[in-house]
Each structure stands twice: as C-alpha cells, then as structure tokens.
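Dear colleague,

Please find below the sequence and structure that I am handing over to you. My notes on what was found follow directly after.

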Amino acid sequence: MSKVKILRFNDDKIGVIKDGDKVVDVSGVISHRELKGPQRAIEELIENFGDLRDDIAQIAAREDGASLESVRLLSPVPRPGKCLGAFLNYLDQGKTADDLPLEFFYMDPLLPGPGATIELVEIPEITEFQTEAELAFVIGKRAKNVTEEEAMDHVFGYLPLFDISVRGITRYTRFLTKGQGSHGPCGPWITTKDEIPDPHDVTVRSWVNGEPSQDFSTRHMAHKIPAQVAWLSRFVELEPGDVIATGTYHEGRKPIKDGDLAEIEIEGMGKAGFRSKGYSPVKSPATGGAPTGPRPSPGPADAAKITRV
C-alpha cells in the first residue's frame, strides 16, 4: 500500500482514507501512541512508513471504516519540529527565477487543522491579514547536505497550507508578519508522494466566504522542491515530520477578518476550511512603492502601539 492519505481525527487517532469517503482507524500500528503524544506519533508513522505499510494496508482492507463526514478532522501535522516557508518563490508580478534567490522564513509550528481558528491578533499598524494558499511538503527521512538528485527520497508527502500574512507592518524580521501562532492552518490530510505524479503541475485554489480567491498551477514555482530540499539541508538538518511551504502565486489573494471562512484545495490533496477570529482592520492597505527600509524592532518607545500583541 504505497498510495495513502494519512489524517488525524477525533481524540488524536490516526487514520487513512478508504474508497474516497471513509476513514479507517490505524492508530494501533503506533505502540504507546497516547504516551508519545500527537506529533511524535505521526512522526513515527512517517519515519517508519515503509515497515508499517503492509500492516496499514491489511487494516484498511479488513475494516469498513467510518464515513468521512462523521469524524472531526485534526491537523495532520500538529506541531512539527520545523515549519519553514519559501519566500517569493513564484514567477509572477513580472519576475524571473534570476530575480528570486532561494530564501526561507520560520513559521510558528502550531499548525491548526480543518475547522480550527485562525487568530487575528490586534496590532494597530496592521492593514490586512491575507490568505496565501500554498503547496507544502512533509519530510520523510533526515536530510543534511543532500543533492537535488537525492532530495525527493527525503520527501514523504504533501498537504495544502495557508500562510496567513500580515500587511502594514515593516520590521527587521518576519516574526510579526509571518511567524504568528495559528497562521499556518493546513489539511485535510497528508497525501503520500506516490499519489502525486508531479507536484510541480497541480492546481491550487482558495476561497474566502465562498468567493473565489487564488487559482494557480504549481508549474509557476521558481525553485522546485528538489532545489528547496538541497538548499535548506545545507544549513539545517531536516527531520521526519518537518513541514516546508513552497510559496504562492500572488494574484487573487484576499484579506480575511473576524468571522470569515477561508478554504483551500489542491488537486488530488483534498480541501479544508478555517474560521478567522479577532482583529478586523478598518484602514485601507498602503498603496505606492515598496518601503524604503524596515523600521526598528518594537521597544519601549512604541509599547503603546503593541500592548495587545
């Protein structure tokens, strides 16, 4: 059983999709799952999938499973050791690959699952919270100083992910604009790489309150997944369960505010929705050219502006 969709559901159970609309509980393949905790359990399954595949296949063949609609889906990767995002990695806005050197930022590793809440923290400078729909990949085995030719051997699978980006704040770092908790909602499940013949030729779509937002193909990705793995593994050791978001095509992005429903779907990988809650900026986004430079990091002088952070 090589082609699998792996998910978490209900009270931290691990399941696989059967016949497209049923969920089979395969939690038993991970010993002492409750003691290990949600993230370690899914990492163990990912790391040992080759050895566990036959057992999972036998369980899936034997059990009828529950209907997909009857279960509560959770984040497939609830708190990875690392969640990294590719920065400006699509050939849009007139850019070429030469204009876009490989660069990444750290995202908060708390990744909400389907139906979870995106927290919109009040910071007065914020003009918008934007949803950026992205294909993310999950590392399957440790990678350090791997080549592009070896890179895909270290990829386990893929999942849809929103990078919730904050507009209106300019700082030296991307902590406030890209690193806030709950700003990497993902799901509905991990699709093993065997199911996706070419991750660089799938369609990514998103909606806000049912209105179409983004609609693009990953063929416009500037630096493909093998290049990303090779570049990252020069500087950090990638480990099973780590999540890397590959960037977005910027056309069509929409803002979200309190109470909105943001949905993402990637061809062959499922669809998930998330509710937003919190601050709803009323000011208009800034127009004109790019900022001339970052502001200093927040300190005592502007504490009054960020007391609610």
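C83 is buried, with a relative accessibility of 1%. This is a predicted model, and in it the sulfur of C83 lies 7.8 Å from the closest cysteine sulfur, in C186, which is too far for a bond. A disulfide would require the two sulfur atoms to be within 2.5 Å. C186 likewise takes part in no disulfide, the nearest cysteine sulfur being that of C83 at 7.8 Å. C186 also counts as buried, at 0% relative accessibility. The count of disulfides for the structure comes to zero.

The next point concerns the nonpolar interior. In soluble globular proteins, nonpolar side chains tend to be buried together. Here the largest nonpolar core has 45 residues, and those with the most contacts inside it are F129, F137, Y158, V229, L238, I244 and I256. Among the elements that give two or more residues to this core are β6 (83-86), β9 (128-139), β10 (155-167), β12 (203-208) and α6 (225-235). The strands β8 (117-120), β16 (261-266) and β17 (270-278) also belong to that group. A second, separate core has 31 residues, including V4, V24, M107 and L159.

Leaving aside residues up to four places away in sequence, I256 touches I118, L120, F129, T131, I164, V208, A262 and S276. Two of these contacts, I118 and S276, are themselves bridge partners, with S276 located in β17. The strands β8 and β17 run parallel and are joined by four bridges.

β17 also pairs with β16, in the antiparallel sense and over six bridges. In that pairing, I266 stands opposite G270 of β17. The two strands β16 and β17 form a hairpin with three residues between them, and G268 in the turn has a positive phi of about 80°.

What does the side chain of Q214 contact through polar atoms? It makes a polar contact of 2.8 Å with the side chain of T248, and it reaches the backbone oxygen of Y249 at 2.7 Å. Q214 is found in strand β13 (residues 211-217) and is buried, with a relative accessible area of 1%. Not counting residues up to four places away in sequence, Q214 touches T131, E132, A133, V204, R205, S206, T248, Y249, H250, E251, G252 and R253.

The structure holds eight aromatic pairs. Y90 lies in the loop between β6 and β7 (104-106), and Y249 lies in the loop between β14 (243-245) and β15 (255-256), so the pair ties together parts that are 159 residues apart in sequence. Y90 is buried, with a relative accessible area of 1%. Y249 counts as buried too, at 18% relative accessibility, because the limit for that class is under 20%. Y90, F216 and Y249 form one aromatic cluster.

Most residues other than glycine have a negative phi, and most peptide bonds are trans. D19, however, has a positive phi near 55°. D19 lies in the loop between β2 (13-18) and β3 (22-25) and is exposed, with a relative accessible area of 62%. H32 has a positive phi of about 50° although it is not a glycine. H32 is placed in the loop between β3 and α1 (33-36), and it is exposed as well, with a relative accessible area of 57%. A cis peptide bond joins G187 and P188, with omega at about 15°. P188 lies in the loop between α5 (175-178) and β11 (190-192).

Finally, a word on R62, which has its place in helix α3 (residues 49-62). Is R62 buried or exposed? R62 is exposed, with a relative accessible area of 56%. The side chains of R62 and E63 are joined by a polar contact of 3.5 Å. From C-alpha to C-alpha, R62 and I139 are 29 Å apart in space, and they are 77 residues apart in sequence.

With kind regards

Methods:
Residues numbered from 1 in each chain as written. Predicted model: local features only at pLDDT ≥ 70, side-chain atom pairs only at ≥ 80, totals over all residues. Heavy atoms only, no water. Core = buried A, V, L, I, M, F, W, Y, C linked by side-chain atoms within 4.5 Å. Buried < 20%, exposed > 50% of the residue type's maximum accessible area, 1.4 Å probe, protein only. Contact = heavy atoms within 4.5 Å. Pairing = 2+ DSSP bridges. Polar contact = N/O pair within 3.5 Å; in protein donor to acceptor, adjacent residues only side chain to side chain. Phe/Tyr/Trp six-rings, centres within 6.5 Å; stacked < 30°, edge-to-face > 60°.
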